[in-house]
Amino acid sequence: MILACQNISKSYGETEVLKSVNFHIEEKDKLAIVGVNGAGKTTLLRLILGEEQPDTGTVVRARELSIGYLSQHQDISFQNTVYQEMEQAKAYLIRMEQRLRELEEEMKHLEGDELEKVLETYNRLSTRYDRENGYAYESEIAGVLKGLGFSEADYDRDISSLSGGQKMRIALGRLLLSHPDVVLLDEPTNHLDMPSISWLEGFLSGYPGAVIVVSHDRYFIDKVSNQILEIELGRSVLYRGNYSFYREQSEKRRADAWKAYLNQQAEIQHEEDVIRKLKSFNREKSIKRAESREKMLDRIERVDKPQEVKADMRLTLTPVTESGEDVLQAEHLKKAFGENLLFEELGLDIKRGEHVALIGGNGTGKTTLLKILARKMPKDMGSVNFGARVRMGYFDQENQDLSMDKTLFDEMSDSFPEMNNTRIRNVLAAFLFTGDKVFQKIGDLSGGERGRVSLAKLMLSPANLLILDEPTNHLDIPSKEILEDAIRSYTGTVLYVSHDRYFINQTATRILELRNKVLTSYPGNYDDYEENREKLYQLQNGDNPYADTNESVTKSGFSIVSTEAYAREAGGRAGGSAKEEYLARKEAYAAERKKASDKRKLEKQIAAAEEELEEIDTKMNLPENATNAMLLTELSNRQAELEEQLLGWYEEMEELTQ
């Protein structure tokens, strides 16, 4: 154990933020802290750092433990160039290297005992320099900078000339290069694009020290963590697994907690009814019995009411009218800003009911393309056409559809006069506006809060085509899940830009990637995209011998190879039979993709269960637990439960691998 929080409690005034929080981490643990906004996650990080002290409880740190911290509000007033700032993290190695060069010069002029003495110092220092990877620190700096999206051309740039997001990436890079024993990260993915997030996932997964991360990026948490600490109503629950494991187990725990709470409430109600009845008899003995029962009732340890995820806060989106089969077509699109060409000869074809995620690196033109398709920005060349009966709704976070002098409640009720007050309140609550907040003027809200109001309005609009730019920004995890459920069940068509890979995984039926000025289509969700990205990119953009690149990016909703091209591949077969074979291949490919996805998920579940069983075996064999009957019973029950689950999962795995 290198770090532990033991019964930590913290209050601010009358508000108790944390209540008896307990957990510990070992040397290579990767812990993610999750909870709604305001749950106390950042407060817990400050307590771990020692920036604040707990009201009760103890933070235990191993001796000489080094902790590196990246906060959401990092000091980014750097005065160096990009590369010089990275070198600051390796300053001790640079000093060591300079000392080695000095010793080498000294040894040229020494003999005998003096030479032996200096040589001993040199060997000791050289061994340490080698052990700490001193000979490769420059390549390590280059690797981190590249991973965070900086090119060699950026090395000599003054950090003062960079954007706020780029400065935060510099702060992150410097922290990672310093190799602390524990890395504390508060929303580290906020300023990273997808390639940089993927790089960071790999870096942290293989990091030799411990990692504690607070993040709303569920895909990131899923990839990085092996433990999840949930903070709910101030209390903590530790789950030994990744986010997918946590979500499954937390839902089960929540159901059990509700059952326990409701059972106790029923028991309390029964006791109170009995007490009232005894008192109503107005006899000395019955009153004494009532008083005795009251004392017993007072001594009951009350079960806290679990945090409610209200079913009526779930959004149901139903288009007023159904569009035609062809919803949105674009051909030969071109857009440049001065000499900066974003794309040209770009095309797409979106059908009714598709949920299409548009992804790509920062600066590739995703938002620009979305605005062109929504007719909010002029194109340089090309055409954009909507199909029959298409009604578009557009969300871009600029909130031009809001009246600054209205309250949130008035904005919603004026926009949807047919909606009753309860429905308005529930929709606003789904987007984190509760209590008196609904009577606040929109002009007094932050930019992120206005974005949430615009999104709430759009979700209730009669549109059958939703075009959304980063819809999950400024939402916490429960609100993202509400939005995911709404979009997943939505029978209309959705085209959106998002960096939230978990959101994409839950809602996308197809992905369009804007890379190298061309658009590539990938069937399925984000996991499918990750599995097939390079193969399909090459097929659709140059390595396909049957179709030219422009045809490939403008004609197909699923794959780029046209039916005619496929017929040529088949040796001149008729177009109809080639098309049937192509569709059969497509169906077979989709089935294989689902099978591979099911297998990956099953492998994760099996690995997590097997790891937990090993931990249970270890605990059951500890001498100090030998006489703890309650703990041994609990461990034994969990062991039996896991073994039963594993038997079923092993059978499923056999079927999938046949």
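The model is predicted: local features need pLDDT of at least 70, side-chain atom pairs count only at pLDDT 80 or more, and totals for chains, interfaces and linings use all residues. Residues are numbered from 1 along each chain as its sequence is written, and side-chain values use heavy atoms, with hydrogens and water left out.

**Stop 1: a pair of tyrosines.** The whole structure holds 13 aromatic pairs. Rings of Phe, Tyr and Trp (its six-membered ring) pair if their centres lie within 6.5 Å; planes under 30 degrees apart are stacked, over 60 edge-to-face, and the rest tilted. Select Y239 and Y246. Their pair is edge-to-face, with 5.1 Å between centres and 75 degrees between planes. Both residues are buried (under 20% relative accessible area; exposed is over 50%, partly exposed in between; 1.4 Å probe, protein chains only).

**Stop 2: helix α17.** Now select Y526 and Y529. This pair is tilted: 5.3 Å centre to centre, 50 degrees between the planes. The two sit 3 residues apart in helix α17 (residues 526–540), so about one helical turn separates them. Helices (H or I, at least four residues) are DSSP runs, numbered from the N terminus. Y526 is buried, at 2% relative accessible area. Y529 is buried too, at 2%.

**Stop 3: charges over rings.** Here NZ of Lys or CZ of Arg is within 6 Å of the ring centre and within 35 degrees of the ring normal. Select R515 and Y537. The charged end of R515 lies over the Y537 ring, 3.9 Å from its centre. Finish at F433: R452 is over its face, 4.6 Å from the ring centre.
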